[in-house]
Amino acid sequence: MTLADTAPLDVLKRVFGYDAFRGDQAEIVGHVCSGGDALVLMPTGGGKSLCYQIPALVRPGVGVVVSPLIALMQDQVDALTALGVRAGFLNSTQDPEQRRAVEAAYRSGELDLLYLAPERLRVESTLRLLERGTIALFAIDEAHCVAQWGHDFRPDYLALSQLHERWPDVPRIALTATATRATHTEIAQRLNLSDARHFVASFDRPNIQYRIAPKNEPRRQLLDLLRTEHPGDAGIVYCLSRKSVEQTAEFLVGQGIPALPYHAGLDAAVRRRNQARFLREDGVVMVATIAFGMGIDKPDVRFVAHLDLPKSVEGYYQETGRAGRDGLPSTAWLAYGLADVVQQRKMINESEGDRAHRQRLGQHLDAMLALCETVECRRVQLLNYFGQQGSPCGNCDTCLTPPESWDGTVAAQKVLSTVFRLDRERGQKFGAGQIIDILLGRRTAKVEQFGHDSLSVFGVGTDLGEGEWRGVVRQLMAQGLLGVEGTYQTFVLTEASRPVLRGERQVMMRRDPEKVARGRSRSSSKAPSSKAGPVDMPAGAAPVFERLRAWRGATAKESGMPAYVIFHDATLREIATRMPTTLAELGTISGIGENKLAKYGEGVLSTLAGEEPGAP
Ligand code: ADP
Ligand code: ZN
């Protein structure tokens, strides 16, 4: 494309078919176009790609995009090609011939954007290649990968700080959707971006409804969620272990839900195939470990469900952020229980690395637990974690069904003194089951075997039920008032337990709501729902929308591309509502740029006309 010196807003309209920049986009684009460095923190779905794609088109030369998402480069390049942008990539999946073709295109200035895996930049031959062309800018995507304590730390990213020494005049823009203040600072330092302008967008994702439910029968709870709220929707279910990924996927398939497994232990070809089906087909549920999802830009993921507790708020935020990139109502649902806390504390105790490392892992977990146990708005707590302010949102479980808090000091003392007596008086350590049996005064075989019915605490807890006691134990662990030890995950007191036992500290607890009402959320009453036909379309438009979807599906299949690369649902909805009759009219719809109009315009118009012969 020859767009050098075209005004950025014109590029936005002509190439991407959008009318206006969003949020900070205009400022970021302007800054980078004029040669400035930028560090961009924007939530998923915020529109980061345009921030470097437009400057790459406007500035002379090729925009070089460094991205760890090798598996997605082909899709990214296809999406750009559909817009008429000349894009290519270099990574390890290519054969030498494909690579040579891209290299030649780069040298002769026939590319607008070149995607590179970070490890390529450690190879001298790549650097020499880059020197033989003109570089418009460097974009460093998923920039949190430089952060040592991120989830996806890649040593290759550290080498990126050298780009500046080699090409001091080429602007650099680093982008990430994940950043606490500490990660943010670390990115700036490690990438040598001290003079860059920082753009920090609001991290709120108002269309996502956050819910954290007490875990009792996780698979049944999941099934209930899928059947009642998300039938036919695409979504992601995260599990901690490979085994539970496979079992859960099998379970869902057995229930008639099109689910696929994804984890690092699967054959690479199977992973690729499952990912491609998730991206290309409608309504597939991906059951995965956290190995899945980085860079997945499927816009219509309607729910993200966690069956196990994420290790940090950053991880939780990043994973849930994959829902609802298109801005339509979506659900982030997490099931969480006592066993999660015990398991994670144990994993930290046993993890490799020094004490400081374990301490950091512990802090990450504590923040995640605080989010789970809060009686305040989840969104406010999430935003606070990222250093931003918010007010009660009306679209999370604690806003929709406020949980009560209660004074759990006496209950806490009963649990702690049971642990104390077992340990101090008898030198024994037990897990939650035995402690709760003792408190409830149950004469089980194990209670009798150890003579625990003669303890003074035997039967002192009949005022609460078993479920409530599990909640108490869980919250004691979450608050650090009870520790876990050894292979059998048995309980021990911590430093913080003592003031509670001595009656010097009050312990407030959250009463788990019986069942969280699925109240109509703030955003689902405002924004269109994804189910039962979009409510922002007039009634008659729904069948037209379905026909357009069918046309899109067939067209996508023919060209081997995901359907959303052709047009997003939002664009099809607008077409169905406005029923354009000419190409010029069609071209004014959001998401239809010059290239897509030329390529798909006739197809859309005849789809509309074919079925509406008598329409005015
Ligand atoms: P991110 O990389 O930040 O997650 P993307 O760059 O994928 O987000 O953009 C998210 C969605 O928003 C995409 O579908 C994109 O086409 C759309 N989008 C981005 N900027 C605009 C804009 N100015 N107007 C309309 N849609 C936009
Ligand atoms: Zn809220």
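A quick word on the ground rules. Residues count from 1 along each chain as its sequence is written, chains are lettered from A and ligands numbered from 1 in the order written, and side-chain values use heavy atoms, without hydrogens or water. As this is a predicted model, local features need pLDDT of at least 70 and side-chain atom pairs pLDDT 80 or more, while totals for chains, interfaces and linings use all residues.

Let's take the metal next. The zinc ion (ligand 2) is held by the SG atoms of Cys377, Cys393, Cys396 and Cys399, at 2.3 to 2.4 Å; donors here are N, O and S atoms within 2.8 Å of the metal (3.2 Å for Na, K and Ca), and with water not among the atoms, sites may look incomplete. Angles among the four donor atoms run from 103 to 119 degrees, making the site tetrahedral (four donors, all angles between 85 and 135 degrees). Along the chain, the donors are spaced C-x15-C-x2-C-x2-C. Both Cys393 and Cys396 are buried, meaning under 20% relative accessible area, with exposed over 50% and partly exposed in between (1.4 Å probe, protein chains only).

Ligand 1 has 15 residues around it, and the closest are Tyr18, Gly45, Ser49, Arg325 and His568; a residue is near a molecule if one of its heavy atoms lies within 4 Å of it. Some N and O pairs with this ligand fall within the polar contact limit of 3.5 Å (within protein, one atom must be able to donate a hydrogen and the other to accept it, and residues adjacent in sequence count only if both atoms are side-chain atoms). Here they are:

| Residue and atom | Atom of ligand 1 | Distance |
|---|---|---|
| Ala20, polar backbone atom | nitrogen | 2.9 Å |
| Arg22, side-chain N or O atom | oxygen | 3.2 Å |
| Gln25, polar side-chain atom | nitrogen | 3.0 Å |

Now for helix H24, residues 541-559. Helices (H or I, at least four residues) and strands (E, at least two) are DSSP runs numbered from the N terminus. H24 has 19 residues and reaches 27 Å from first C-alpha to last, close to the 27 Å expected at 1.5 Å times one less than the number of residues. Among its buried residues are Phe545, Arg547, Trp551 and Arg552. Gly560 follows H24, with a positive phi near 65 degrees.

Most residues other than glycine have a negative phi. Glu142 has a positive one, near 50 degrees; Glu142 sits in the loop between strand S5 (135-140) and helix H7 (155-158), and counts as buried at 13% relative accessibility. Asn192 also has a positive phi, about 60 degrees. Its loop runs between helix H9 (181-190) and strand S7 (197-200), and at 37% relative accessibility Asn192 is partly exposed.

Asp308 lies in the one between strand S12 (301-306) and H13 and is buried, at 16% relative accessible area. The side chain of Asp308 makes a polar contact with that of Lys215 (3.4 Å), and a polar atom of the Asp308 side chain lies 2.8 Å from the backbone nitrogen of Leu240. Gly321 is in the loop between H13 (313-320) and strand S13 (330-336), buried at 2% relative accessible area.

Conventions. Four donors count as tetrahedral if all angles lie between 85 and 135 degrees; four count as square planar and six as octahedral if opposite donors are over 155 degrees apart and all others between 65 and 115; anything else is irregular.
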